[in-house]
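Please keep the sequence and the structure in view while reading the notes below.

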Amino acid sequence: MDRDDVAFPDPNDIAPHATAFARMMFAHAAFEREVRLLIDAINPKRPGFGERPENQWTASESGTGKIIILIKHHRGSGLPQTEQIKNLLNEAIHPCRDRSFLAHGTWSCFNRRTLTVEVRGGIRREEPGLPPENRKFSASDIERIADRFKDIEAELCKIRRSFEPKMTEAEVRSASSFLRSPEQTARQQ
């Protein structure tokens with residue numbers, strides 16, 4: 001251990017890390033919800049399709065591949081957004097792994113000089129012979145993960161909304177009149 005490492009830091013010292021961690025977890029939940037909604041939009045004939053456990057895959061190249069197969073099955077090979085969806089899902093792999101490492105690893109110490117938390121991973125499932133991984137995260141490192149989730153979620157939302165049927169001008173007027181108060185409606189008449 002470094003002389004600046006603290007095994008049991010004062011909670012105030014790591015408050016920025018805890019706040020960034022909570023923000024990252026909420027951003028990840030929003031990202032996952034958007035992926036499920038996108039899967040539902042790809043297969044609109046079966047509501048709740050993206051919520052079913054058998055239709056939820058890990059953030060990996062194979063998970064991305066399964067969603068691309070789903071797109072081709074339900075929307076055909078010519079969907080122009082397929083490549084963008086593939087790229088966005090592949091971009092999410094690294095932040096998802098970082099989130100998992102932070103959420104499931106052991107926060108072993110805090111370095112007062114570098115303002116980083118050292119996180120120790122468990123057994124490496126893909127390579128069990130290697131020792132556990134240790135990584136250091138600053139609060140801003142964790143914030144960047146949260147920001148990446150938000151960016152990817154926003155792009156996936158734009159794509160999903162492009163699948164939704166467009167409203168006619170009459171439908172837009174009808175919807176906006178529904179949202180007006182009775183006083184606004186009376187003034188327009």
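Helices (H or I, at least four residues) and strands (E, at least two) are DSSP runs, numbered from the N terminus. The expected span of a helix is 1.5 Å times one less than its number of residues. The model is predicted: local features need pLDDT of at least 70, side-chain atom pairs count only at pLDDT 80 or more, and totals for chains, interfaces and linings use all residues. Residues are numbered from 1 along each chain as its sequence is written, and side-chain values use heavy atoms, with hydrogens and water left out.

**Helix α5**
- Helix α5 comprises 25 residues, 139-163, and its first and last C-alpha atoms lie 37 Å apart, close to the expected 36 Å.
- Buried residues (under 20% relative accessible area; exposed is over 50%, partly exposed in between; 1.4 Å probe, protein chains only) of α5 include Ile142, Phe149, Glu153, Arg160 and Phe163.

**Asparagine 43**
- Asparagine 43 is located in the loop between α1 (15-42) and α2 (61-75), and is buried at a relative accessible area of 3%.
- Contact means heavy atoms within 4.5 Å; leaving aside neighbours within four places in sequence, asparagine 43 is in contact with Phe49 and His74.

**Threonine 82**
- Threonine 82 belongs to helix α3 (residues 82-91) and is buried, with 12% relative accessibility.
- Not counting residues up to four places away in sequence, threonine 82 touches Ile68 and Ile71.

**Leucine 115**
- Leucine 115 lies in the loop between β2 (106-111) and β3 (116-120) and is partly exposed at 48% relative accessibility.
- Although leucine 115 is not a glycine, its phi is positive, at about 55°.
- Most residues other than glycine have a negative phi.
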